[in-house]
Amino acid sequence: MDHFADRLRAAPQSRLQRGAAAEALALARELARWTQRVEEPGTHPREMPDAGMFAAADQITVAGHDLAVALTDDDEIAEAVRLVEEAQKRAGV
């Protein structure tokens, strides 16, 4: 996740506009929802706001670190890593 965020920060604006930032935001939202399900089961998850394409890297960093703290199961951690890797491939960074 940190690698993905670093790649986003180094990406040109045109790459972010072509979908990399949207992919990162979608990942950040998914990770945040997952964290909320772990930490607050039974509550309606709140949606991470769109803070703009230049904030997408920070959003996946925060959401990813929050999830990493919340997860304790190795299989869930592996699934989270897989989600990040797939999102990075789709983002093309």
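Where is alanine 20 found?

Modeller: Alanine 20 is in helix H2, where a helix is a DSSP run of H or I with at least four residues, numbered from the N terminus. Before going on: this is a predicted model, so local features need pLDDT of at least 70 and side-chain atom pairs count only at pLDDT 80 or more, while totals for chains, interfaces and linings use all residues. Residues are numbered from 1 along each chain as its sequence is written, and side-chain values use heavy atoms, with hydrogens and water left out.

Alanine 20 counts as buried because its relative accessibility is 1%; buried means under 20% relative accessible area, exposed over 50% and partly exposed in between, with a 1.4 Å probe and protein chains only. Setting aside neighbours within four places in sequence, alanine 20 is in contact with Leu8, Arg15, Ala91 and Val93, contact being heavy atoms within 4.5 Å. Proline 49 is 29 residues from alanine 20 in sequence, and their C-alpha atoms are 16 Å apart.

Now zoom out to the helix pair. H2 (residues 13–39) and H4 (residues 74–91) have axes that come within 9 Å and cross at roughly 165°. The axes are lines fitted to C-alpha atoms over the stretch in contact, with angles from 0 to 180 degrees between N-to-C directions. H2 and H4 are therefore roughly antiparallel, the label for angles over 145 degrees, with under 35 being roughly parallel, 65 to 115 roughly perpendicular and the rest oblique. Their crossing is right-handed, meaning the near helix is turned clockwise from the far one by less than a right angle, with anticlockwise giving left-handed. Alanine 20 is among the H2 residues making this contact, as are Glu23 and Leu27, and the H4 side includes Leu83, Ala87 and Ala91. By type, the contact residues of H2 and H4 divide into nine nonpolar, no polar and six charged; Ala, Val, Leu, Ile, Met, Phe, Trp, Tyr, Cys and Pro count as nonpolar, Asp, Glu, Lys and Arg as charged, and the others, Gly among them, as polar.

The axes of H2 and H3 come within 8 Å and cross at roughly 25°, which makes H2 roughly parallel to H3. This crossing is left-handed. Among the residues that meet are Leu25 and Ala28 in H2 and Gln59 and Ile60 in H3, and the contact splits into 14 nonpolar, three polar and two charged residues.

One of those, glutamine 59, is buried, with a relative accessible area of 10%. Apart from neighbours within four places in sequence, glutamine 59 is in contact with Leu25, Ala28, Met48, Pro49 and Ala51.

Leu27 is worth a look as well: among the 26 residues of the largest nonpolar core, Leu27 is one of those touching the most other members, along with Phe4, Leu8 and Val93. Such a core is a set of buried Ala, Val, Leu, Ile, Met, Phe, Trp, Tyr and Cys residues joined through side-chain atoms within 4.5 Å. H2 gives the most to this core, with nine residues. Beyond four places in sequence, leucine 27 touches Phe4, Ile60, Leu83, Val84 and Ala87.

Note on methods
Helices (H or I, at least four residues) and strands (E, at least two) are DSSP runs, numbered from the N terminus.
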